[in-house]
Amino acid sequence: MKFLLNVLWLVLSGFWLALGYVAAGIICCILIITIPFGIASFRIAGYALWPFGRTTVIREDAGAGSAIGNVIWIVFAGWWLALGHIVTGIALCVTIIGIPFGIANFKMIPVSLMPLGRDIVPTDEPFAAR
């Protein structure tokens with residue numbers, strides 16, 4: 001079932017969403033000081049490409065650097081991304097067929113809002129539990 005949902009997600013919206021995150025990652029990597037944000041954008045792009053069967057967990061070793069980076073990210077990009085995921089998720093949940101895709105959009109809100117200090121892991125791994 002995860003495979004089927006991922007293929008439908010990829011065809012309907014995942015490719016374009018991932019492409020946007022890759023473009024943001026390239027722009028962030030061009031500007032030297034924002035390379036950590038670029039790496040986070042590439043990580044989110046992979047998650048946006050194939051979200052079903054994966055989840056995010058907070059890294060225990062994330063420190064003050066991640067917290068400061070997340071505050072900067074929220075101010076400049078995070079809240080726009082989270083708002084986009086909320087609007088898209090609500091629009092997808094209007095139809096019965098789109099409900100799983102809307103839930104996937106809602107699942108991406110925390111990582112798009114605060115990407116630093118998070119890992120994306122498969123849900124069937126033991127350490128994937130929150």
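Which residue forms a salt bridge with D61, and how far apart are the closest N and O atoms? This is the first of several exercises on a predicted model, in which local features need pLDDT of at least 70, side-chain atom pairs count only at pLDDT 80 or more, and totals for chains, interfaces and linings use all residues. Residues are numbered from 1 along each chain as its sequence is written, and side-chain values use heavy atoms, with hydrogens and water left out.

**Exercise 1. The salt bridge**

Task: identify the partner of D61 and state the accessibility of both residues.

Solution. 
- Step 1. The criterion is a side-chain nitrogen of Lys or Arg within 4 Å of a carboxyl oxygen of Asp or Glu.
- Step 2. The partner of D61 is R59, with the closest N and O atoms 3.0 Å apart.
- Step 3. The structure holds one salt bridge.
- Step 4. As a general point, side chains of opposite charge can pair when their charged atoms come close.

**Exercise 2. The surroundings of Y21 and S41**

Task: locate Y21 and S41 and describe their contacts.

Solution. 
- Step 1. Helices are DSSP runs of H or I with at least four residues, numbered from the N terminus.
- Step 2. Y21 belongs to helix α1, and S41 to helix α2, which covers residues 35–49.
- Step 3. Y21 counts as buried because its relative accessibility is 4%; S41 is buried too, at 0%.
- Step 4. Although Y21 and S41 are 20 residues apart along the chain, their C-alpha atoms are separated by 5.4 Å.
- Step 5. Contact means heavy atoms within 4.5 Å. With neighbours up to four places away in sequence set aside, Y21 touches S41, I44, A45, A48, L81, H85 and S112.
- Step 6. Under that exclusion of neighbours within four places, S41 is in contact with Y21, A24, G25 and W73.

**Exercise 3. Aromatic pairs**

Task: count the aromatic pairs and classify the one between F15 and W16.

Solution. 
- Step 1. Rings of Phe, Tyr and Trp (its six-membered ring) pair if their centres lie within 6.5 Å; planes under 30 degrees apart count as stacked, over 60 as edge-to-face, and the rest as tilted.
- Step 2. By this rule there are seven aromatic pairs.
- Step 3. The ring centres of F15 and W16 are 5.1 Å apart and the planes stand at 75°, so this pair is edge-to-face.
- Step 4. F15 is partly exposed at 40% relative accessibility, while W16 is exposed at 59%.
- Step 5. One aromatic cluster is formed by W9, F52 and F101.

**Exercise 4. The nonpolar surface patch**

Task: list the residues of the nonpolar surface patch and name the helix that gives the most to it.

Solution. 
- Step 1. Patch residues have over 30% relative accessible area and no salt bridge; like charges are joined within 9 Å, and nonpolar side chains (Val, Leu, Ile, Met, Phe, Trp, Tyr) within 5 Å.
- Step 2. Accessible areas come from the Shrake-Rupley method with a 1.4 Å probe; for residues, only the protein chains shown count as cover.
- Step 3. M1, F3, L4, V7, L8, V11, L12, F15, W16, L19, L49 and W50 make a patch of about 1,300 Å².
- Step 4. The helix that gives the most is α1 (residues 2–30), with nine residues.
- Step 5. M1 lies in the segment before α1 and is exposed at 74% relative accessibility.

Key. Helix = DSSP H or I, 4+ residues; strand = E, 2+ residues; numbered from the N terminus. Buried < 20%, exposed > 50% of the residue type's maximum accessible area, 1.4 Å probe, protein only.
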